[in-house]
Amino acid sequence: MPLMSAHCQLTGARPGFGSTISHSHRRTSRRFDPNIQRKRYWLPSEGRYVRLTLSARAIKAVDVIGIEAAVARIRARGGRA
């Protein structure tokens, strides 16, 4: 599987950073990654499929607002869809 950036095209969710704190209270750096999925949607207005990199929360948002509105938001943010 190819490497992909851990950010969502729709919501802009990116990894958060923090610390793992052990029982002895030692701190080590860690990264909180969003649940990123690659999903393919049919875009009727253009008669083609678009492949989007979305978080699980954004996939639910697309189900609510529709793919046309979601692609419009991605393009308004300067993204490529």
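Me: Leaving aside neighbours within four places in sequence, which residues is Ser-55 in contact with?

Reply: First, the ground rules. This is a predicted model, where local features need pLDDT of at least 70 and side-chain atom pairs count only at pLDDT 80 or more, while totals for chains, interfaces and linings use all residues. Residues are numbered from 1 along each chain as its sequence is written, and side-chain values use heavy atoms, with hydrogens and water left out. Contact means heavy atoms within 4.5 Å. By that rule, Ser-55 touches Cys-8, Thr-11, Asn-35 and Ile-36.

Me: Is Ser-55 buried or exposed?

Reply: Buried means under 20% relative accessible area, exposed over 50%, and partly exposed in between (1.4 Å probe, protein chains only). Ser-55 has 5% relative accessibility, so it counts as buried. It is found in strand E4. Helices (H or I, at least four residues) and strands (E, at least two) are DSSP runs, numbered from the N terminus.

Me: Which residues of helix H1 are buried?

Reply: Start with the general idea. An α-helix has 3.6 residues a turn, so residues three or four places apart point the same way. In H1, residues 56-65, the buried ones are Ala-58, Ile-59 and Val-62. Seen down the axis, they fall within an arc of 105°, so they line one face of the helix. The arc is that of the directions from the helix axis to the C-beta atoms.

Me: What covers the buried residues of H1, and what does the face turned away carry?

Reply: The cover includes strand E3 (36-43), strand E4 (48-55) and helix H2 (67-76). The face turned away carries exposed Arg-57, Lys-60, Asp-63 and Val-64.

Me: Which residues of the largest nonpolar core touch the most other members?

Reply: A nonpolar core is a set of buried Ala, Val, Leu, Ile, Met, Phe, Trp, Tyr and Cys residues joined through side-chain atoms within 4.5 Å. The largest here has 16 residues, and Leu-10, Tyr-41, Leu-52, Leu-54, Val-62 and Ile-67 touch the most other members. E3, E4, H1 and H2 each supply at least two residues. H2 gives the most, with 4 residues.

Me: Which residues does Ile-67 contact, leaving aside its neighbours within four places in sequence?

Reply: Ile-67 is in contact with Tyr-41, Trp-42, Leu-43, Pro-44, Leu-52 and Val-62.

Me: What happens just after H1?

Reply: Look at the backbone there. Gly-66 takes a positive phi of about 95°.
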